[in-house]
Amino acid sequence: MKIGDGLIRRFVKNYQDTEDPGVRTAYGTLAGVTDILCNLLLFAVKFVVGLLMASTAVTADAFNNLSDSFSSVVSLIGVRMAARPADQEHPFGHGRIEYAASFVVAAVILSVGIEFFRTSAERVLHPQPLTFRTVAFVFLLLSVLVKLWMYFFNRNIGQRTGNSLMAATAADAIFDVLTTAVTIVSIIIYEAAGINIDGISGLIVSVVVIGAGLGIGRDTLNLLIGVPADQELRDKISDMVAGVPGVISVHDLVIHNYGPGRYMATIHAEVSRRMTLDEAHAIADKAEKMVQSSLNVELVVHIDPVDIHSQLVKDIRENVSRILEEIDPELSFHDLHVRREKKETNITFDLAVPYAYSADRENEVAHQIMDRLRDVDPGWRCVITIDRGMLREGNIGS
């Protein structure tokens, strides 16, 4: 049993169904409210302790917790707003509000860190004596335990739901553990040796806070820009569509994220060209409904008719596969079509290349493939479309 499981079972209905947007919202609400209460408690305790001990580092740590409380409020509002259904102005829902909220959280954390860096720098230049109080020291130790609990609690929710905001909150909590530990060490050193490193400790606290703000901002910006979908989700969608009777193979899976647990996707499914339009439509419809009901992903299936009966097509596929393997095993192809004419055989296919390929390398490889196919049969003529994920370059003809 992990930390927080009792709260989850008590306050999150159907807590095991983490793919359900309503359940994910309940998780986010529970985490937000819990974090707000814990951080406000820690702020009050540390602020009083900082005043009693005249410690800049402790006061900085207290206001770090206050910023965490504000951040938790923003996160809670973001989670609730992100749960709003789609409307005319936002046909894909409001899920990305959660990412925007994370960006606000990052800005708040960063501003607090910068302010206390300035304050701590002044204390380094003009140090003031610390006042050691046993009760205050004990409260600092207790705050470490509270933050450790918050770390494991948010990490548990983040692992259950795949929520990046919860993962960031967990990381922020463990940073707080480290910064408070630094403060405790500075107090011990002052009491034992009379050396005042309070200002330096404050600088360490502020640098960690600034780092946390930059890290959360970077991660959130990546989500807003667009990052690849989780490989497990990609594999599930591909395997599910490929498993539909009549589907030969799948490719060109593109997944769009509109907030945690909110996905739209497109995929190409190859079927026999001898299949009727009604049969092909039935396959696409079955695959779309299956993915929707099982994975809660809005899927659109594009049907690609391919010739699987012609011996010529089989020979060409085998030769293309062999050539790609010899040039670069990371290369692959799809959408191969063959059209016979009087003196030539026209071959078209998409060539999937690694993202690391430059434009010159793409052209070089494409022409290598064309030349080697002509070596097999001088009558074969190729048109190759370079495919880099969602990106499609122009046709390269021979």
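Biologist: What is the relative accessibility of I308?

Modeller: This is a predicted model, and the values below are computed from it. I308 sits in the loop between β3 and α10. Buried would require under 20% and exposed over 50%. I308 falls in between and counts as partly exposed, because its relative accessibility is 35%.

Biologist: Which residues does I308 touch, leaving out those up to four places away in sequence?

Modeller: A269 is 39 residues from I308 along the chain, and their C-alpha atoms are 14 Å apart. The contacts of I308, with close sequence neighbours excluded, are I248, S272 and K314.

Biologist: What is the bridge partner of A269 in β3?

Modeller: Strand β2 covers residues 263–272, and it runs parallel to β3. Ten bridges join these two strands. In β3, A269 is partnered by I303.

Biologist: How many residues does α10 give to the largest nonpolar core?

Modeller: The largest nonpolar core has 24 residues, and those touching the most other members are L336, F349, L351, I369 and I384. At least two residues each come from α10 (311–327), β4 (332–340), β5 (345–352), α11 (359–376) and β6 (380–388). Of the contributors, α10 gives the most, and its share is six residues.

Biologist: Which residues is L351 in contact with, leaving aside neighbours within four places in sequence?

Modeller: L351 is among the residues that touch the most other members of the largest nonpolar core. Its contacts, with those neighbours left aside, are L324, L331, S332, V365, I369, I384, T385, I386 and D387.

Biologist: How many residues of β6 are buried?

Modeller: β6 has nine residues and is largely enclosed by the rest of the structure, because most of them are buried. Eight bridges join β6 to β5, and the two strands run parallel. In β6, V383 stands opposite T348. The number of buried residues in β6 is seven.

Biologist: What is the distance, centre to centre, between the rings of W149 and F153?

Modeller: There are four aromatic pairs by the rule used here. W149 and F153 form one that is stacked, with 10° between the planes. They are four residues apart in helix α5 (residues 134–161), so about one helical turn separates them. Centre to centre, the distance is 4.9 Å.

Biologist: How do W149 and F153 count by relative accessibility?

Modeller: W149 has a relative accessibility of 29%, so W149 counts as partly exposed. F153 has a relative accessible area of 0%, so F153 is buried.

Biologist: What kind of aromatic pair do F333 and F349 form?

Modeller: F333 lies in β4 and F349 in β5, so the pair ties together parts 16 residues apart in sequence. F333 is buried at 16% relative accessibility, and F349 is buried at 1%. The ring centres are 5.8 Å apart and the planes stand at 70°, so the pair is edge-to-face.

Biologist: What is the phi of D335 near?

Modeller: Most residues other than glycine have a negative phi. N296, in the loop between α9 (277–295) and β3, has a positive phi near 60°. D335 lies in strand β4 and is buried, with 12% relative accessibility. The phi of D335 is also positive, near 55°.

Biologist: How many disulfides does a search of the whole structure find?

Modeller: A disulfide is a covalent bond between the sulfur atoms of two cysteines. C38 is buried at 15% relative accessible area, and C382 is buried at 1%. The number of disulfides found in the whole structure is zero.

Conventions: Residues numbered from 1 in each chain as written. Predicted model: local features only at pLDDT ≥ 70, side-chain atom pairs only at ≥ 80, totals over all residues. Heavy atoms only, no water. Disulfide = S-S within 2.5 Å. Buried < 20%, exposed > 50% of the residue type's maximum accessible area, 1.4 Å probe, protein only. Core = buried A, V, L, I, M, F, W, Y, C linked by side-chain atoms within 4.5 Å. Contact = heavy atoms within 4.5 Å. Pairing = 2+ DSSP bridges. Phe/Tyr/Trp six-rings, centres within 6.5 Å; stacked < 30°, edge-to-face > 60°.
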